[in-house]
Amino acid sequence: MTPRQAWVLGLASTASFMMALDSLVVTTALTSIRQDLSASLESLEWTVNAYNLAFAVLLLTGAALGDRFGRRRVFVAGLALFTVASVACALAPGIGALVTARAFQGAGAAMVLPLSLTLVSAAFPPNERGRAMGLYLGITGLATFSGPFIGGAVAQGLAWQWIFWLNLPAGLITILLTRRHVGESFGPAKRLDLGGMGLVTAAGFGLVWALVRGNAAGWGSAEVLGALVVGVALVVAFVFWERRTEAPMLPMRFFRSRAFATANPANFLVFASLYGTMFFLAQYFQIVHGDGPFVAGLRLVPWTATLMVCAPIAGRLADRFGERAFVAGGLLLQSVCMGWIALITDAGTGYLEILPALVVGSVGVTMAMPAAQRAVVAAVSPPEIGQASGAFMMLRIFGGVFGTSVTVAVFAAAGGGYTSPGEFSTGFSAGMGAVAVLAFTGVLVALGIPGRASAPRAAAVTPAR
């Protein structure tokens, strides 16, 4: 590895770690944020979803901006936006300001994350790229492992605001070193799909707004029904637009492949069940068990460690045995385990009683993730892998937003709240039941994945819309 390659890999991995960490680190601090800012359940939900929603809808646009205006330039601009937004999060005087700043954080992450991957790919020749990507993904995976623990440790040892203050020195140093050690590069100057970006942003916002506001405003209210109708109509409009525009952000012809058309929604439901669990689990330990944020983060380590340790093994096995068994089987494990937690949890349930189900469910999620991504990548031609991967990432983040919204809606509808451990436990059990249903729906979808995804025929490469 040359010094230039080492700098690119190190800086891109650091930036990726920061973006991935901030999508998870806040989950352990939600209880502290709720108490300090007098936040409602709906506001806490937006604290998580504002980041992920902005991240999801701008992800493909961030990569396209880098190709056109310079990958290093846009990468640095995204880091600057993320860093400034992190400071705004730390200084937020109320929950509304925090949610707004989290949305800007997500926009910055959408500029940084796809370009960090592109910079690493461009810096290494094909015969060295696999090793470089393994190091990059390993460092990014540390964010999954350590995010809830770091969030809990910082929230209890300092204050929840320090979760965001830590991004200031890290962001500034990474920006300065990137400008000094990373060269500029450009990709194909494709026209930006501004129409598609606007439609998918508005559609996602409409659907999430309806899910978040359903319990507070009433599921039959004009506000909620109107948001649902508008959201669905905009999804349909997005599909029609993507079929007719010359440079679509998500080519609809990809969905002619059975592997692409089934692995993507299955993975959407993997992340829906994962984020739905993540939103409430640390809060459950703090409110029902009476743990502080630090101990709650420690109790999540066996769950998150499984995600990091098992993914490479599952990926290699999927190469040998095909994707369908791993996606469907993994989702089935997640469904059974979360269903078991939904049945046994109450205000007196001990940690060791739910730990085995958490670990086995985490193994299931880990089995499904790399297999689903492999199926999607194998379904398109090599020149289209980047676009397919971007669509895959966008849809999985939308899955996280959807899963959080559905789980919170079920929690509130079942009478869940924060006034007592028993009230929270009632809602938590119902929420985990919703997670189990989401995962089982994913099982049914995953059964449609071909036994082994194969590269598309040459005819599929033609740009027919």
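This is a predicted model: local features need pLDDT of at least 70, side-chain atom pairs count only at pLDDT 80 or more; totals for chains, interfaces and linings use all residues.
**Entry 1: H13 with H16**

I looked up H13, residues 324–344, and H16, residues 421–446. Their axes lie 8 Å apart, and the packing angle is about 160°. Angles over 145 degrees count as roughly antiparallel, so H13 and H16 are roughly antiparallel to each other. I noted the hand of the crossing as left-handed.

Next I listed who makes the contact. From H13 I have Arg324, Val327, Ala328, Leu331, Leu332, Gln334, Ser335, Met338, Gly339, Ile341 and Ala342. From H16 I have Phe428, Ser429, Met432, Gly433, Val435, Ala436, Ala439, Phe440, Gly442, Val443 and Ala446. By class, I get 15 nonpolar, six polar and one charged residue in this contact of H13 with H16.

**Entry 2: H11 with H16**

I stayed with H16 and turned to H11. The two axes come within 9 Å and cross at roughly 165°. That makes H11 roughly antiparallel to H16. H11 passes H16 in a left-handed crossing. I then checked the classes: the contact of H11 with H16 has 17 nonpolar and eight polar residues, and no charged ones.

**Entry 3: H4 with H8**

I moved to H4, residues 71–91, and H8, residues 167–181. I read a packing angle of about 165° and axes 9 Å apart. H4 and H8 are therefore roughly antiparallel to each other. Their crossing is left-handed.

On the H4 side, the contact is made by Arg72, Phe75, Val76, Leu79, Ala80, Phe82, Thr83, Ser86 and Val87. On the H8 side, I wrote down Asn167, Leu168, Gly171, Thr174, Ile175, Thr178 and Arg179. The contact of H4 with H8 divides into eight nonpolar, six polar and two charged residues.

**Entry 4: the second largest pocket**

How many residues line the second largest pocket? I found 22. Nearest its centre lie Leu207, Val235, Phe268, Leu395 and Phe398. I noted a volume of about 570 Å³ for this pocket.

Which helices each supply at least two residues of the lining? They are H9 (194–217), H10 (222–244), H11 (258–287) and H15 (385–413). H9 gives the most to the lining, with seven residues.

I count 20 nonpolar residues, two polar and no charged. The contact of H11 with H16 also has no charged residues. I logged one charged residue in the contact of H13 with H16, and two in that of H4 with H8.

Conventions
Residues are numbered from 1 along each chain as its sequence is written. Side-chain values use heavy atoms; hydrogens and water are left out. Axes are lines fitted to C-alpha atoms, for helices over the stretch in contact, and angles run from 0 to 180 degrees between N-to-C directions. Helices (H or I, at least four residues) and strands (E, at least two) are DSSP runs, numbered from the N terminus. Angles under 35 degrees count as roughly parallel, over 145 as roughly antiparallel, 65 to 115 as roughly perpendicular and the rest as oblique. A crossing is left-handed if the near helix is turned anticlockwise from the far one by less than a right angle, and right-handed if clockwise. Contact means heavy atoms within 4.5 Å. Ala, Val, Leu, Ile, Met, Phe, Trp, Tyr, Cys and Pro count as nonpolar, Asp, Glu, Lys and Arg as charged, and the others, Gly among them, as polar. On a 1 Å grid over the protein atoms alone, a cavity is a set of points where a 1.4 Å probe fits but cannot get out, and a pocket is an open set with protein on both sides within 12 Å along at least five of seven lines; lining residues have an atom within 4 Å of a point. Grid points are joined across faces, edges and corners, and a volume is the space filled by probe spheres set on the points.
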